[in-house]
Amino acid sequence: MSILYNTPLMPSPSPTLPLSLNNSLSFTTISFAISKPPRNLRPPLQRHPSSHTSSLPRCFSSLSEMDGTVGQCLYPLHRTKTIHLVRHAQGIHNVEGEKDYNAYMSEELFDAHLTPLGWRQVDNLRKHVYGFGINKKIELVIVSPLLRTMQTAVGVFGGEGYTDGINAPPLMVENAGKSNRTAISSLHSPPFIAVELCREHLGVHPCDRRRSVSEYRSIFPAIDFSLASIYSYYLLCRHAIESDEDILWRADIREKDEEVAARGQKFLKWLWTRKEKEIAVVSHSGFLYHTLSAFGNDCYPSVKSEICTHFANCELRSVVLVDRGMIGSDTAITNYPGKKPQGLDLPSDVVEEINPS
């Protein structure tokens, strides 16, 4: 998986470094290509040392091995997927929590919605996505089933304004989640799927507790929530519960960082099973940070520090997911076998090997 930071204002290319996931996850090698956004575009954030790196994926190349090959990785195109990672825009919990951390315990922040400033961030990212033609390439949008992430997802990747009489359900109804926004159409937009695996830390904070799926369906009619119960089961490793309520969130237990990181690896593994080749994922700061913190442990310190940074609100980073094992079964669509019609084509260097002088 190659990762390229694409901020809403200044995307830029840079070299890649090879990394890999560990065998216990039955996953594949990734490589990060990083272009760090300017400091004045990112709020200062405290970096928290990871306590779980020893059991998580590490680079397969040592520093000495990388000396001569920095920035060069080569993989078959059909064994890759492009993933656009997005953190939700500013929510009311971001504002109140920065003023007073104890505010995160307030029920008034239950399933926090976007602020007016957050919606302006959505508009700016949408301009970036459309300006660079990213919207034309995305085949699927995967979103955490919380109000702020779904508002962000449909605002950035959804269609234009919705009008009655259109033969398609809206992605979002008018004024959803106190947005003061018109309805958003699902026309000319990719399908949207809500997936529990990419949620924020579970438990304790009401802002991270979701509403019932039934309520969400009335607010976001065109988002597919059919995987919600399936992934509740997948996460809990027990029989599926016949309820659309939030069975993952508990008032007395907060999910640990290492548990979020492990969930992130499950999510990436599941993501590879999707048939789509270019996917957008709209998630949360904690989930994205701890998922990415699994990588870069054997790379140059400066690269590691760039990989393991918190996302700004409404920041976009595009990554290339690479299958170096045999997980994928996609055929090489763009490859061409050659030799049609048949003819002699033995290379000269092979001839020399067969007939040494």
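Of the contacts (heavy atoms within 4.5 Å) between residues at least 6 apart in sequence, 80% join residues at least 24 apart. This is a predicted model: local features need pLDDT of at least 70, side-chain atom pairs count only at pLDDT 80 or more, and totals for chains, interfaces and linings use all residues. Residues are numbered from 1 along each chain as its sequence is written, and side-chain values use heavy atoms, leaving out hydrogens and water.

**The chain as a whole**
- The chain holds ten helices and nine strands. These are DSSP runs numbered from the N terminus: helices are H or I with at least four residues, strands E with at least two.
- The chain has 357 residues, and 52% are buried. Buried means under 20% relative accessible area, with a 1.4 Å probe and protein chains only.
- Its accessible surface is about 17700 Å² (Shrake-Rupley method, 1.4 Å probe), and carbon and sulfur atoms account for 54% of that.

**Strand β4 and its partners**
- β4 covers residues 80-87, and seven of its eight residues are buried.
- β4 pairs with β9 (residues 316-322) in the antiparallel sense, over seven bridges. Strands pair if DSSP finds at least two bridges between them.
- Thr80 has Val322 of β9 as its bridge partner.
- β4 and β8 (residues 278-283) run parallel, joined by six bridges.
- Ile279 in β8 stands opposite Ile83.

**Ala312**
- Ala312 sits in the loop between α9 (301-307) and β9.
- Ala312 counts as buried because its relative accessibility is 10%.
- Gln90 is 222 residues from Ala312 in sequence, yet their C-alpha atoms are 9.0 Å apart in space.

Methods. Buried < 20%, exposed > 50% of the residue type's maximum accessible area, 1.4 Å probe, protein only.
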